[in-house]
Amino acid sequence: MCGIVGAVSLRDVTPMLTESLYHLEYRGYDSCGIAIIKNGELHRIRGTKRISELQKKIQKNNLHGISGIAHTRWATHGSPNINNAHPHFSGFSSKNASIAIVHNGIIENHEVLRKNLSKIGYRFKSQTDTEVLAHLINYFYNGDILKAVQQTIQHIKGKYAIAVFCKKEPNRIVGARNGSPLVIGIGKNENFLASDNVALIPFTKKFIYLEDTEIVDLTPNNISIFNTNGIKINKKIQIEAINSDVNELGIHQHYMEKEIFEQPKIIRRLLKNIKSIHPELFGYQAPNIFEKIDSVLILGCGTSYYSGMIAKYWIESIAKIVTSVEIASEYRYRDTIPNPNTLIVIISQSGETADTLSALKHAKDLGMKNILSICNVATSSIVNASMLSYITQAGLEVSVASTKSFTSQLFSLFLLTLVLAKLKNRLTKNQENLFLTDLKCLPKSIESIFSMRKDIEKWGRYFACKKNIFLLGRGVHYPIALEGALKFKEICYIHAEAFQSSEMKHGPLALITKNTPIIIIAPKDKLIEKLKSNIQEIKVRAGELHIITDSNNFNIQKNINFLKISETCNSLSPILYGITFQLLAYQAAVFRGTHIDKPRNLAKSVTVE
Ligand code: M6R
């Protein structure tokens, strides 16, 4: 979490840093700040409100300078107040400060370092682990900021991406990474550093991606990169064809709304590359790797974990390969029995989720090298660490709530299912054609969900004033109930719980009262008759029922609300129910007036454990 950016230029960098912060705000928005060298002194403006407020303060204070660093924070050490906001300075008084730093990550040995630095006279103004770094760099500083950073890094444990500068070397910024992303943006007479290339797209299309333990020394006309041993290295420049208008809201009120409505377009884009089912869709090494695997282990967090849960149903029923799914943060701390013939599938929108990345490394350490990542960011750490990757091509997802990335993950996982099934001779030509037809019908079916928006809006208005909601689903639709509940929690701040409908009588039924709304996912599948019995069990206990279904065979009963979905694309029906919940939670959040795109306490990219 946290977004960092730095710029060294021959022109004023303040407007560029501010603009970049807007693009990084998705990484955390507890506080923000900027530091600039002006007239030989370090100047800093910080705030606990949004970037727009910071921008006003910058204008009011007429802050300009040719090098600077800026930060948007997701608090870990120290509450989100002004003293804990970055940049942090080191010097014995802030007026006299000579070092400024912005940091993303966690310094694990900050307590002992803080103690030692205090003993030799450093005074701390914040509770952050970052201020420890500032003082340590100051301690080692002897006229060369690069050397001071290199020495500091020898003494710290943990994860970091940092950008540092010193007032004595005003046109130089040093960056370093270990476990948190950092990209260099190459400009003309100016160079940049940022947590994400999106922050720099308005200024450059040329990037160099730093890897763990690398350090960069930037001036307006020079970029020097060093490895762990301090040896200068050459790295590839990558040109990214991203437009700077990728995160324009257009006609939409919120990014979440925009991103929900982009889904048919994204699926059409993915479909373009699929003429037939073949393993090379997952990389040229995929045929060899897929051939020898005998099981699948899927790892992810949050929504990405739920898409993995759905994939388990698909892979086991269509490809007949034993599949397990685990929350990434749990897997890495658990004793497991590694099998080198397992295909490890890592799912992540951002490709930077710390828990997921660590789980990947853990699986590798256990000797499981067949790693496929399903990821939305081609240049991310997770893709970088994987043998195979499939890029979901959902485009930049700004809203904290995953929507289009969930759908494109499911698309990719269904494709993987078909590839594995075909390779293991468990897919007839006829079945392959039928599944391909299902995939091709998806964009239109998604649009048919959008055509129900008025009805979904009415439901949203109704649920907006509820305190608790229960969501029930069975089989492959149970993870959709979990995902729907996550959306209600995340953007509506409504307590929502998901259960398998069959499990109600084993405990949760005790929670049902006259006014407990229950949303039931009722697809037309082999469990529908069982589900109808579950519904009766709840109804006689006076539960308030709301049923989402594609079946025409429900008796429309008094006191039960129905939302009828017209198309389902057979096995892909979880995608359509998932999108229905995205819209429903979104509409409820609109009526509740919450911060939909930036819900309280959350951040888009969770780069700390
Ligand atoms: O970037 P990732 O897919 O690895 O993120 C994992 C979760 O943090 C993420 O899916 C989160 O649960 C979503 N914001 C939920 O909408």
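# Chatting through the fold

Q: Which residue in strand 10 is the bridge partner of S9?
A: S9 is bridged to E190 in strand 10. Strands here are DSSP runs of E, at least two residues long, and helices are runs of H or I, at least four residues long, both numbered from the N terminus.

Q: Before we go on, what kind of model is this?
A: This is a predicted model, in which local features need pLDDT of at least 70 and side-chain atom pairs count only at pLDDT 80 or more, while totals for chains, interfaces and linings use all residues. Residues are numbered from 1 along each chain as its sequence is written, and side-chain values use heavy atoms, with hydrogens and water left out.

Q: OK, back to S9's strand. How many bridges join strand 1 to strand 10?
A: There are 5, and the two strands run antiparallel. Strands count as paired if DSSP finds at least two bridges between them.

Q: What about strand 9 and strand 10?
A: Those two are also antiparallel, with 4 bridges joining strand 9 (residues 183-186) to strand 10. I186 has N191 as its bridge partner in strand 10. The hairpin has 3 residues between the strands, and N189 takes a positive phi near 60 degrees there.

Q: Is strand 10 mostly covered or mostly open?
A: Mostly covered, as 5 of its 5 residues are buried. Buried means under 20% relative accessible area, exposed means over 50%, and partly exposed is in between, using a 1.4 Å probe and protein chains only. E190, F192 and A194 are buried on one side of the strand, with N191 and L193 buried on the other.

Q: Which elements do the buried residues of helix 1 pack against?
A: Strand 10 (190-194) is one of them, along with strand 1 (3-9), strand 2 (31-38), helix 2 (51-60) and strand 4 (67-73). Contact here means heavy atoms within 4.5 Å.

Q: And how many of helix 1's residues are buried?
A: Helix 1 (residues 14-24) has 8 of its 11 residues buried. Among them are M16, L17, L21 and H23.

Q: How is the protein divided into domains?
A: Into domain 1 (2-239), domain 2 (255-450) and domain 3 (453-592). Those bounds come from an automatic or database domain assignment. Taken over C-alpha atoms, the centres of domain 1 and domain 3 are 46 Å apart.

Q: What's in the largest nonpolar core?
A: The largest one has 93 residues, and F282, F290, V345, F411, F488 and I519 have the most contacts inside it. Domain 2 and domain 3 both give residues to this core, so it lies between them. A nonpolar core is a set of buried Ala, Val, Leu, Ile, Met, Phe, Trp, Tyr and Cys residues joined through side-chain atoms within 4.5 Å. There's also a second, separate core of 27 residues, including L117, A134, I145 and F226.

Q: What does I519 touch, leaving aside neighbours within four places in sequence?
A: Its contacts include W459, F463, F488, H546 and F581.

Q: How many salt bridges does the structure hold?
A: It holds 26, each a side-chain nitrogen of Lys or Arg within 4 Å of a carboxyl oxygen of Asp or Glu. In helix 16 (residues 478-492), K487 and E483 sit 4 residues apart, about one helical turn, and their side chains meet at 2.8 Å, N to O.

Q: Is K487 buried or exposed?
A: K487 counts as buried at 1% relative accessibility, and E483 does too at 3%. Elsewhere, salt bridges that share partners join D144, E169, R172 and D217 into one network.

Q: How far apart are the closest N and O atoms of E169 and R172?
A: They're 2.4 Å apart. E169 is buried at 14% relative accessibility, and R172 is buried with a relative accessible area of 14%.

Q: Last one: what's the strand order in the open sheet of 7 strands?
A: The order is 5-6-7-8-12-13-14, with antiparallel pairing. Strand 5 (88-90) and strand 14 (232-233) are at the edges with a single partner strand each, so one side of each has no neighbour in the sheet. Strand 7 (residues 158-166) and strand 8 (residues 173-178) pair over 4 bridges, and V164 stands opposite V174 in strand 8.
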